[in-house]
Amino acid sequence: MGFICGFTIATGAAARLLSGYDSYGNICGQKNVKVEGIANSGLDLTQKKYVFFLDPCNIDLVHQKIKSLALCVSACPRKELKTLADVQKFAETNGSTLCSYELLPSEYTTDPRAAKLCPKYPVPESAPIPFFHRCAPVNISCYAKFAEALITFVSDSSVLHRLISGVMTSKEIIMGLCLLSLVLSMILMVIIRYISRVLVWILTILVILGSLGGTGVLWWLYAKERMSASTVETQIAKENLQALLIYAISATVFTVILLLIMLIMRKRVALTIALFHVAGKVFIHLPLLVFQPFWTFFVLILFWTYWTTVLLFLGTTGNPVPNEEGFVEFRMTGPLKYMWWYHVVGLIWISEFILACQQMTVAGAVVTYYFTREKRNLPFTPILASVNRLVCYHLGTVAKGSFIITLVKIPRMILMYIHTQLKGKENACARCMLKACICCLWCLEKCLTYLNQNAYTATAINSTNFCTSAKDAFVILVENALRVAAINTVGDFMLFLGKVLIVCSTGLAGIMLLNYQRDYTTWVLPLIIVCLFAFLVAHCFLSIYEMVVDVLFLCFAIDTKYNDGSPGREFYMDKVLMEFVENSRKSMREAGRGGGAEGRELKPMVGADEEVAILQEFHFYFLSLFVFTDCTSSGEVFVLCITQDVLLFLFVSLPITWMAEFLSQLRPSPVKVR
């Protein structure tokens with residue numbers, strides 16, 4: 001990546017990008033070297049520092065560039081020039097010639113070549129773009145056609161204009177609602193810190209009330225809007241009415257599914273509450289964990305800015321080559337023209353590397369907290385200590401883990417690109433096979449991401465390399481496969497409820513505020529923008545909490561595997577987790593599954609009957625989810641995709657879960673603690 005950046009700067013691409021160049025290969029603002037076979041090249045343009053396009057609105061949609069003669073000028077026209085006489089007067093007054101170099105200002109109105117070599121009039125008012133020295137029209141209405149071509153779902157330009165006007169009219173409300181989502185996320189993190197014991201039930205009740213209330217408000221607004229639309233029929237009113245109906249139906253379906261899932265998961269919240277309570281203590285002792293999303297996002301923004309800048313450099317690097325119109329284009333030849341492919345791979349790999357560094361930092365800090373018996377002896381800043389260990393010892397581990405994710409992500413993105421390009425052209429069988437491959441790669445990527453996160457935790461515990469840590473973590477996860485299924489399902493679902501709560505609260509506030517502008521503003525797009533931003537903010541904050549819970553569970557599993565509570569092998573776990581284990585033992589003894597009265601057994605957190613129930617429910621939901629997905633998205637190839645899902649269920653889901661159950665039965669026999 002460093003070589004690519006250095007190469008583009010050394011070959012002059014940075015200067016061409018920042019200073020700009022004309023159609024003859026001259027870089028504006030400096031002396032240039034003659035290009036063989038190109039007239040008007042090699043000019044001294046020290047005083048002409050801005051690029052001016054004769055027809056800035058002539059955009060090539062295929063190649064996504066301005067299809068116009070470009071010249072270097074000393075000043076951009078600050079007012080509209082309606083005739084060639086105005087162009088001539090501007091050149092004589094300001095010394096900035098807007099026609100081609102071979103024409104003198106005195107020849108603008110007399111030379112017949114001026115029709116081709118001078119700008120198309122009226123010349124729009126323009127201003128230089130900061131840092132890039134290009135003259136851009138102040139009124140960008142000429143780019144509306146280009147924007148409409150990019151937005152393929154808009155068939156009527158008036159729809160696009162109304163959507164954009166809705167965003168511009170509601171920009172203050174959008175910014176306020178985005179700030180509200182940030183505040184709500186911070187408040188939720190504070191609540192998680194101090195009332196984690198009742199957080200699950202609070203979230204459950206609030207989400208039920210919020211989803212029911214939001215659905216009711218949407219149907220009420222739809223009924224009210226329908227009554228008012230019957231008297232005054234406008235295009236904006238019809239669009240708002242249709243949008244409200246879609247929102248109301250979607251909210252109703254979502255609420256019903258949410259209530260059913262919460263009804264099924266209600267019995268498996270005990271261990272989640274215990275883990276959430278311990279996670280709350282972690283945030284009390286490690287408050288800097290809350291700010292991890294900010295640092296990660298800041299580093300990602302810096303890298304993405306660097307990556308985009310180098311990509312722009314690559315677009316202007318190469319050797320000057322005449323095109324079919326006789327102008328100069330810069331193109332790379334030979335193997336160097338494929339450098340941008342490696343640059344794209346670097347984007348994915350380094351982005352995953354930065355995210356993996358965050359996971360490693362969080363894992364190291366939480367592991368330090370868990371395996372420190374006396375919390376008074378914690379380091380002054382466990383987060384900084386974890387960062388120091390990461391930089392000194394574990395960068396290779398993080399690089400290897402992120403590279404594995406990159407190897408899976410790239411083929412999936414290629415298949416998604418092929419699927420997009422062939423949309424509507426392939427047959428039903430090919431479409432299903434392509435979707436199946438994309439789905440399998442997505443599942444593999446998610447599984448590897450989860451395994452990598454646990455491998456980083458194992459590395460933080462044992463200071464082993466990536467492969468050894470991944471193997472150890474995999475063994476622990478397989479031995480506790482059903483525990484992982486139960487805990488992660490409930491825990492992730494509770495955190496998902498937190499995200500839903502923030503999105504619903506922000507969306508409800510947006511509905512109430514934007515409802516006052518319904519008569520003159522289309523507020524479909526503003527509401528979507530607000531909800532997406534709210535979900536992004538909530539995900540950034542609660543993902544840290546999710547990492548902490550996952551790290552705590554792996555530490556807990558390792559603790560119970562290598563310690564039994566006897567002298568010299570005491571547990572490291574928190575008292576809350578010990579209370580949960582003791583309660584599980586008591587329940588098993590009462591059910592006749594416990595040991596004798598003289599001893600205590602460390603039993604699995606999930607009983608045998610509950611394990612069977614989990615497997616049955618997993619099988620049922622696995623098949624039901626894919627059948628529902630095919631019903632809604634596949635349409636005409638429903639039978640073919642149903643067959644595909646049944647095959648995946650029989651030959652993938654069942655063998656994996658049965659193998660997990662078999663391996664869980666091979667756990668070491670319970671350890672007696674006298």
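Predicted model: local features only at pLDDT ≥ 70, side-chain atom pairs only at ≥ 80, totals over all residues.

Colleague: How many salt bridges does the structure hold?

Modeller: The structure holds four.

Colleague: What makes R113 and D111 a salt bridge?

Modeller: The label needs a side-chain nitrogen of Lys or Arg within 4 Å of a carboxyl oxygen of Asp or Glu. The closest N and O atoms of R113 and D111 are 3.1 Å apart, so the pair meets the cut-off.

Colleague: Why is D111 called buried?

Modeller: Buried means under 20% relative accessible area. D111 has 16%, so D111 counts as buried.

Colleague: And why is R113 called partly exposed?

Modeller: Partly exposed lies between the 20% limit for buried and the 50% limit for exposed. R113 has a relative accessible area of 42%, so R113 is partly exposed.

Colleague: What makes E352 and K409 a salt bridge?

Modeller: Their closest N and O atoms are 3.6 Å apart, and the cut-off is 4 Å, so the label applies. E352 belongs to helix α12 (residues 339-370) and K409 to helix α13 (residues 382-421), so the pair ties together parts 57 residues apart in sequence. Both E352 and K409 are buried.

Colleague: Which salt bridge does E445 form with its side chain?

Modeller: The side chain of E445 meets that of K409, at 2.6 Å from N to O. This pair links distant parts of the chain, with E445 in helix α14 and K409 in helix α13, 36 residues apart. E445 and K409 are both buried. Through shared partners, salt bridges join E352, K409, R412 and E445 into one network.

Colleague: How do you know that the span of helix α14 agrees with its number of residues?

Modeller: Helix α14 (residues 428-462) has 35 residues, so at 1.5 Å a residue it should span 51 Å. Its end C-alpha atoms are 50 Å apart, which agrees. Just after α14, S463 takes a positive phi of about 55°.

Terms used. Residues numbered from 1 in each chain as written. Heavy atoms only, no water. Helix = DSSP H or I, 4+ residues; strand = E, 2+ residues; numbered from the N terminus. Expected span 1.5 Å × (residues − 1). Buried < 20%, exposed > 50% of the residue type's maximum accessible area, 1.4 Å probe, protein only.
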